[in-house]
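Please look at the sequence and the 3D view first, then read the points below.

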Amino acid sequence: SSTDSHIQYERVGADVTMKCGSMDRDATVTWTANGTDIDDSHLNGSYLVLKHVDLTQSGQYSCYEGSSWHLKYQTYLRVGLPPKEPVLMCRSNNYPKGFYCSWHLPSPTYIPNSFNISVIHGTREMICERDILPKNRCHIRYLQLFSTVKYKVTLTVTNALGKNSTTLTFDEFTIVKPDPPENVVAKPVPNNPRRLEVSWQNPSSWPDPESFPLKFFLRYRPLILDQWQHVELSDGTSHTITDAYAGKEYIIQVAAKDNDIGTWSDWSVAVHATPWMEEPKHLTTEAQMTETTSTSTSSFMPPPTTKICDRGARVGSGAVAVCWTAGLVLAAYSVFFI
Amino acid sequence: GDSWGIFAFLCAALCHLPAVPALNGTDELGAGQSIQKTYDLTRYLEHQLRTLAGTYLNYLGPPFNEPDFNPPRLARAERVPSATVDLELWRGLTDNARLAANYRAYSRLLCYLRGLDGQAGTAELRHSLGHFCSSLQGLVVSIAGVMSSLGYPLPAGTAAGPPAPAGTPATPNDFLKKMDDFWLLKELQTWLWRSAKDFNRLKKKVPPAVVTLRLEARGF
């Protein structure tokens, strides 16, 4: 016996009627869904009727002749949605080489979609080469620079249940947006408790910083405050912050922009740094007085209290005074670190 | 260590300055500064144009003032010099060619701009146009200054007088005239963006020449 086997796409909420191949309307048949028999209530003679289908009803449907149990018809039902208007974005992070466009659907369709992108520049249609990864992306090389004619990019998404499209029209200069600066490094400056030296590199995707120089925007703040401070730098890839609060940890970010056209990049990865601090000498002598065995590797580590006071309690009242001093010193330390 | 070497060299160079034969040294120094000035002027003009173009396009009315307006280029519009250029060609331009292209373009753009409808819109608009033309004139003069300080001849046939477009009859069609105005402003805007890049390139190339010349003079 012959069997028809194919894929059938239906819209969520639709009413689906399946015929058992060439069988008569009033023939006796059994339908299964993914191997499980389907109740007779869904049958209209030999037709299978599914009302208001939902996503869970996707699967393989088979129809068997009543007595012989021959497979008469088989189909794979995929329930889905027609595509909504896609979201399209185009950007030049490698000016003047070209630009790329990337897209996605705002909500899933649950069935396979195909995308077609067209780029028109004046009268000429340009090829946008599809990237392998990421998937929904293509790139174009500029053939001419400083064009007065806009680029018109149309993205069409199609699936078995419908199609939709969106169009972007833009000038060459408006989509220029570099990637964020790379390799941002912030270091304290020895013997300078209010300085931090920040350096970074041009984003590696920017092909020609000589002819198309970038300018930068630096922002920084101590972790404990919400307010950022900003510096705009038209030259160079380093800057020294000279007004940092002593001893406070800072968070620093940098952004880049072509000197003349386009928009600012996203902020770079944040780096943290604390300005140089002088080692507080008076605290090490206090530690020696309490003859603590726990030698701290850094003078910022407070000596453990319990040992001092325990020893002090055993020895006598004199040691209690030492215990109090250590406690005061610790209290002073904690205030300093808040 | 490096900075001390450079400092010492500079001191030596400056001390021996009178002994160095005149090699248009001050001209090159002057060129470096006037390239920077010209660059700054293009940025200023680009900023001014943004406001001016918005106002003028509103005066022209729809569809010219619609942001997505993207008309095909008509053959007649080719009179206006285009900034569009092949990438490799642009990169390979000599300093002379680069400057000359800018000089020719702005001279002609200035002419056309002056020819814009004298009765255009409000008095305020006419005043803004006049002010912009003066600034643009300043740019043309500035470029000429850079060219002469570098020893390049000014391109021929770009005298101040506006060349009456030979053979082209006065536009009877109001729409086509507006289209011409639209493209003029568009080309002007694009040229100002391009010039920023042109002068960036020139900026990088001129200052090192100053140092090299002095080295040669002292027989290094």
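Strand E15 (residues 144–145) of chain A pairs with strand E1 (residues 85–86) of chain B, in the antiparallel sense and over two bridges. The model is a predicted one. In this pairing, Gln144(A) stands opposite Asp86(B) of E1(B).

**Extent of the interface**

- Chain A brings 20 residues to the contact, and chain B brings 24 residues.
- About 2,200 Å² is buried between chain A and chain B, and carbon and sulfur atoms give 54% of that area.
- On the side of chain A, the residues that lose the most area to chain B are Phe146(A), Thr148(A) and Asp260(A), which together make up 34% of what that side buries.

**Charged and polar contacts**

- Five salt bridges are counted between chain A and chain B.
- Lys186(B) and Asp171(A) form a salt bridge, with their closest N and O atoms 3.2 Å apart.
- Between chain A and chain B, 13 residue pairs are in polar contact, both residues being at pLDDT 80 or more.
- The side of chain A that touches chain B is made up of eight nonpolar, six polar and six charged residues.

**A residue in chain B**

- Val206(B) lies in helix H6 of chain B, which covers residues 174–217.
- Val206(B) counts as buried because its relative accessibility is 5%, and the cut-off for buried is under 20%.
- Val206(B) and Leu74(B) are 132 residues apart along the chain, and their C-alpha atoms are separated by 39 Å.

Notes. Residues numbered from 1 in each chain as written. Chains lettered and ligands numbered in written order. Predicted model: local features only at pLDDT ≥ 70, side-chain atom pairs only at ≥ 80, totals over all residues. Heavy atoms only, no water. Helix = DSSP H or I, 4+ residues; strand = E, 2+ residues; numbered from the N terminus. Buried < 20%, exposed > 50% of the residue type's maximum accessible area, 1.4 Å probe, protein only. Contact = heavy atoms within 4.5 Å. Buried area = accessible area lost by both parts, 1.4 Å probe. Salt bridge = Lys/Arg side-chain N within 4 Å of Asp/Glu carboxyl O. Polar contact = N/O pair within 3.5 Å; in protein donor to acceptor, adjacent residues only side chain to side chain. Nonpolar A, V, L, I, M, F, W, Y, C, P; charged D, E, K, R; others polar. Pairing = 2+ DSSP bridges.
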